Amino acid sequence: MTSSREQTELVASPSESTEAFAAKSVSLRTIAEEADVHVSTVSRVLRANPNQPRTAVAERVWATAERLGYRRNLVASGLRTSSTQSIGVVSPRLYDIMVSTLCYSIEATARYAGYQALISSPPDDMGEQMRSVEFLLSRRVDGLILTSLHRDESVFADRLRSLSIPVIAANRHLGDQVPSVTCDDRDGGRQATGHLIGLGHTRIGILAGQRHASTGFNRMLGYRDAMAAAGIEVDEALVMHTDFEVEGGILGAHALLSLAQPPTAIFAVNDMAAVGVLGAANQRGLQVPRDLSVIGYNDIPVAAHLPTPLTTIHSPLRQMGEHAVSHLLSTIRGKDPTSDILPVSLVVRSSTAPPNVP
């Protein structure tokens, strides 16, 4: 038994019993007559994956449908097929170039597979993220990708596991509680810090990001690994948590450089924060890398084109998005969920050099 509202969504016109459309009261039969094919052919063509190769007949049907202004109502169709051919993406900080690059990859990969990505960009707060999840669930998405989970959020993890659709984390993770596709951030932290140690730095500051972010936390673990491997004791005054923005990098750098024994190098666990470090150094009259070496993380496009090109760790952001969609769609199709950890690599540019010892 369906409600009157559901009946309105299910049937766009009396002759459209096999398909539902959002606009115009033109039936499948009208398209069939215009395209000179059987109505069942129209239904089959318009329900097929739009990214698959098309026959001449299918091209004629699609051209006719588009000319008549049809737009398939995937939500209404999903009431019958249990699929809307859509995935939800919750991704705070969409203005961040790293996040937007990841989301672009997710959207493009989903579209290529015949799915639409519905992206919500709430504040980086778990309550707001949960509201976005609930909203996307109301749109009947087939699965969810979450890019900014907070580590150790067991209540949120329990809610995600209770959902009737697959969920995968990208970029950040919740340990083994939710399948994820991430970079090997701990190794990236080791590589960044090891590079500075190899240049001769022993007093290395780190802007470790926000405490709730697994990305910054794991990169900080890598920093500690490299320092321990080199036999260098970490001065906790050199470990500072800031946000991932330029302003966070400026504030954190000024705090580190105001210490009685300031660092000769700073590892910012995000390129935008590293840009802030460069700005703070300039404000203090320091030259990079003569007076201060700076290394970032992610290798955003602007990193190579700054006045002092930034040494950084390259994260395969587009590959991360592709893998996240691939894993999610595989799970939607009934396979067991899997996780991926993608390798990262050091990119050496002009912002790092041996310490300037008087």
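Accessible areas come from the Shrake-Rupley method with a 1.4 Å probe, and for residues only the protein chains shown count as cover.

**View 1. The whole protein chain, a predicted model.** The accessible surface of the protein chain is about 16,300 Å². Carbon and sulfur atoms hold 52% of that surface. Of the 358 residues, 49% are buried (under 20% relative accessible area, 1.4 Å probe, protein chains only). In contacts (heavy atoms within 4.5 Å) with a separation of 6 or more, 71% join residues 24 or more positions apart. Local features need pLDDT of at least 70 and side-chain atom pairs pLDDT 80 or more, while totals for chains, interfaces and linings use all residues. Numbering runs from 1 along each chain as its sequence is written, and side-chain values use heavy atoms, without hydrogens and water.

**View 2. Glycine 143 in its loop.** The loop runs between helix H7 (126-138) and strand E3 (144-146) (DSSP runs, numbered from the N terminus: helices H or I, at least four residues; strands E, at least two). Glycine 143 counts as buried because its relative accessibility is 0%.

**View 3. Contacts of glycine 143.** Neighbours within four places in sequence are left aside. Glycine 143 then touches Ser86, Ile87, Gly88, Ile165, Pro166, Leu328 and Ile332. Leucine 329 is 186 residues away along the chain, yet its C-alpha atom is 7.9 Å from that of glycine 143.

Notes
Buried means under 20% relative accessible area, exposed over 50%, partly exposed in between (1.4 Å probe, protein chains only).
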